[in-house]
Amino acid sequence: MKINFDAPPTSAQETNGLEVRYAAAKRRVPRWRWYLLLAMVLVAPAYLLVRFGIAYWWESTPAQVVLEQATLRASAAGRVAFVAAPGAPLEPGQPVMALERTPTDTPAPPAATPSPTPHAEPIQTQAHTARLALLTEAERLASRRLAIQQERLHTMQGLREQGAATRQEVDNLRFQVLQAEADLSRARADVREQRMLMARVPAAMPAPAAPATPQPPADEAAPAQPGTALAPFAATAVQALVRPGDWVAQGTEVAVLQRRGEPLVHAYLPPDKARYAQVGRMATLHFMDGGKVRAKVVGLMMEAQSPPADRVSPLTPRTPSIVVKLQALEPLPAPYHIHQLPLDVRFDWVASRWF
């Protein structure tokens, strides 16, 4: 028995020698479409491979721009008469904040004292002296309370920068500091009032006349008014913490200054990458807007610090890191002269040591 099979078609577009026009979906697919599909499938592995190569050959760490800042405090209590506006340039020794002059700043001429009254005068003096001692003790306790509150506020602000405290906790402590400053101002006002009252009371026995003090020459420069805050270096006023007319206590923060000059960059290196933390190592500063600037390591911090909380993944522990100081090889553009501006630092590859 002989079986004959039909000859297979020579083309998918022909049947028994006749051309068949199929629908568009059954036509031959162009080759470039397969290439496009293959590229879409391989783009994710290629991206991960490139990121792995960059992380292996270049160490990238979070960093921030750091400008030297100084916070000025009032050296005396009083009412603010002048404070430098934010953005104002200041030279060394230029006044940043000044207090209003009070009548007690200038010595008053001695008043004529009436004749002392026997018996009543010693008792009145003792009462004033005892009250002055109590008011002085209250002033000392208020000053101590203010110092403790300011220390707590400084600690809480540090925890807030590390992400370990909330803004509400910092605001509550700042309100307590303001209350302590108000209590201290009231205590000092009571002491000043009591002393002025005692000055009006005649002494039990007339004091001997004090020798006349020589007057300073007219051309001698007068000393600075008590309570005037001076700029310690060439700087720019960043923030005014008080306003003209406010009453401030001694030690109150009044202004924040920023030194003029080229900023540094602080990078946070993990301890296992300590080979990059050497003076002279080269790196590249990568800013968030795409700018790149070459830099080199110029120093190290003497204590380890945790990186900023907003630059670390929530799944990654914030271990203490080595803080590296970098200086740009060329002046940074003006938009980058911002304190605590975030950026990334990519160090040039350095071979690791295997033991």
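Visitor: What share of the 355 residues in the protein chain is made up of buried residues?

Guide: Buried residues make up 26% of the 355 residues, where buried means under 20% relative accessible area, exposed means over 50%, and partly exposed lies in between, with a 1.4 Å probe and protein chains only. This is a predicted model, in which local features need pLDDT of at least 70 and side-chain atom pairs count only at pLDDT 80 or more, while totals for chains, interfaces and linings use all residues. Residues are numbered from 1 along each chain as its sequence is written, and side-chain values use heavy atoms, with hydrogens and water left out.

Visitor: Why is F287 called buried?

Guide: F287 has 6% relative accessibility, and therefore it counts as buried. Y336, at 10% relative accessibility, counts as buried too.

Visitor: What makes the pair of F287 and Y336 stacked?

Guide: Rings of Phe, Tyr and Trp (its six-membered ring) pair if their centres lie within 6.5 Å, and planes under 30 degrees apart count as stacked, over 60 as edge-to-face and the rest as tilted. The rings of F287 and Y336 are 3.8 Å apart centre to centre with 5° between the planes, so the pair is stacked by that rule. F287 lies in strand β13 and Y336 in the loop between β15 and β16, 49 residues apart; strands (E, at least two residues) and helices (H or I, at least four) are DSSP runs, numbered from the N terminus.

Visitor: Which residues touch the most other members of the largest nonpolar core?

Guide: Of its 22 residues, they are V265, L285, F287, L326, L343, V345 and F347. A nonpolar core is a set of buried Ala, Val, Leu, Ile, Met, Phe, Trp, Tyr and Cys residues joined through side-chain atoms within 4.5 Å.
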